[in-house]
Amino acid sequence: MDVDAATDTVECERCGDAVEVGVPGGERCADCGAYYCHICVDDLASQQLLDEPECPACEIRLVA
């Protein structure tokens, strides 16, 4: 799903919360397109001990 307006909302792939696209800290996986909210991105980073966490679905680094 392509999302280009900052007011669109998507569901976080990990926690299921509805989040606004464009909110700082949220990341979309460049490979599978899964979206993660900033809380889950921070949590994944701390669990994986990485500055840029990997997508749990496809193990590709999440990119802004």
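**Figure 1. Leu49 counts as exposed, at 74% relative accessibility.** Exposed stands for over 50% relative accessible area, buried for under 20% and partly exposed for the range in between (1.4 Å probe, protein chains only). The model is predicted: local features need pLDDT of at least 70 and side-chain atom pairs count only at pLDDT 80 or more, while totals for chains, interfaces and linings use all residues. Residues are numbered from 1 along each chain as its sequence is written, and side-chain values use heavy atoms, without hydrogens and water. Leu49 is not a glycine, yet its phi is positive, about 55°. The residue is found in the segment after α1; helices (H or I, at least four residues) and strands (E, at least two) are DSSP runs, numbered from the N terminus.

**Figure 2. Glu59 also has a positive phi, about 60°.** Glu59 is not a glycine. Like Leu49, Glu59 belongs to the segment after α1. Its relative accessibility is 60%, so Glu59 counts as exposed.

**Figure 3. The chain contains 1 helix and 4 strands.** Read from the N terminus, the order of the elements is β-β-β-β-α. Of the 64 residues in the chain, 28% are buried. The chain exposes about 4200 Å², and 47% of this area comes from carbon and sulfur atoms; accessible areas follow the Shrake-Rupley method with a 1.4 Å probe, and for residues only the protein chains shown count as cover. Taking contacts (heavy atoms within 4.5 Å) between residues at least 6 apart in sequence, 28% join residues at least 24 apart.

**Figure 4. Helix α1, residues 38-48, has four buried residues: Cys40, Val41, Leu44 and Ala45.** These residues lie on the same side of α1, because they cover an arc of only 140° around the axis. The arc is taken from the directions that lead from the helix axis to the C-beta atoms. Ile39, Asp42 and Gln47 are exposed on the other side of α1. The packing partners of the buried residues of α1 are β3 (27-28) and β4 (35-36). Past the helix comes Leu49, with its positive phi near 55°.

**Figure 5. The largest nonpolar core has 14 residues.** Such a core is a set of buried Ala, Val, Leu, Ile, Met, Phe, Trp, Tyr and Cys residues joined through side-chain atoms within 4.5 Å. The members that touch the most other members are Val10, Cys12, Val19, Tyr36, Cys37, Cys55 and Leu62. At least two residues of this core come from each of β4 and α1. The most is given by α1, with 3 residues. In soluble globular proteins, nonpolar side chains tend to be buried together.

**Figure 6. Cys12 is situated in the loop between β1 and β2.** The relative accessible area of Cys12 is 2%, so the residue is buried. Apart from neighbours within four places in sequence, Cys12 contacts Asp17, Tyr35, Tyr36, Cys37 and Cys40. Between the C-alpha atoms of Cys12 and Tyr36 the distance is 4.7 Å, with 24 residues separating the two along the chain. Cys12 and Tyr36 are both among the core residues that touch the most other members.

**Figure 7. Gly16 lies in the loop between β1 and β2.** Its relative accessibility of 37% makes Gly16 partly exposed. The C-alpha atom of Gly16 is 9.0 Å from that of Tyr36, a residue 20 places away along the chain.

**Figure 8. Asp43 and Arg14 form a salt bridge.** A salt bridge requires a side-chain nitrogen of Lys or Arg within 4 Å of a carboxyl oxygen of Asp or Glu. In this pair the closest N and O atoms are 2.8 Å apart. The pair ties together parts that are 29 residues apart in sequence, because Asp43 lies in helix α1 and Arg14 in the loop between β1 (9-11) and β2. Asp43 is partly exposed, at a relative accessible area of 30%, and Arg14 is partly exposed as well, at 34% relative accessibility. The search of the whole structure finds 1 salt bridge.

**Figure 9. Confidence in the chain is highest in β4, at a mean of 92.** The value is pLDDT, the predictor's confidence in each residue on a scale from 0 to 100. It is lowest in strand β2 (residues 18-20), where the mean is 86. The average pLDDT of the chain is 84, and 86% of the residues score at least 70. Where pLDDT is low, the predicted coordinates should not be read in detail.
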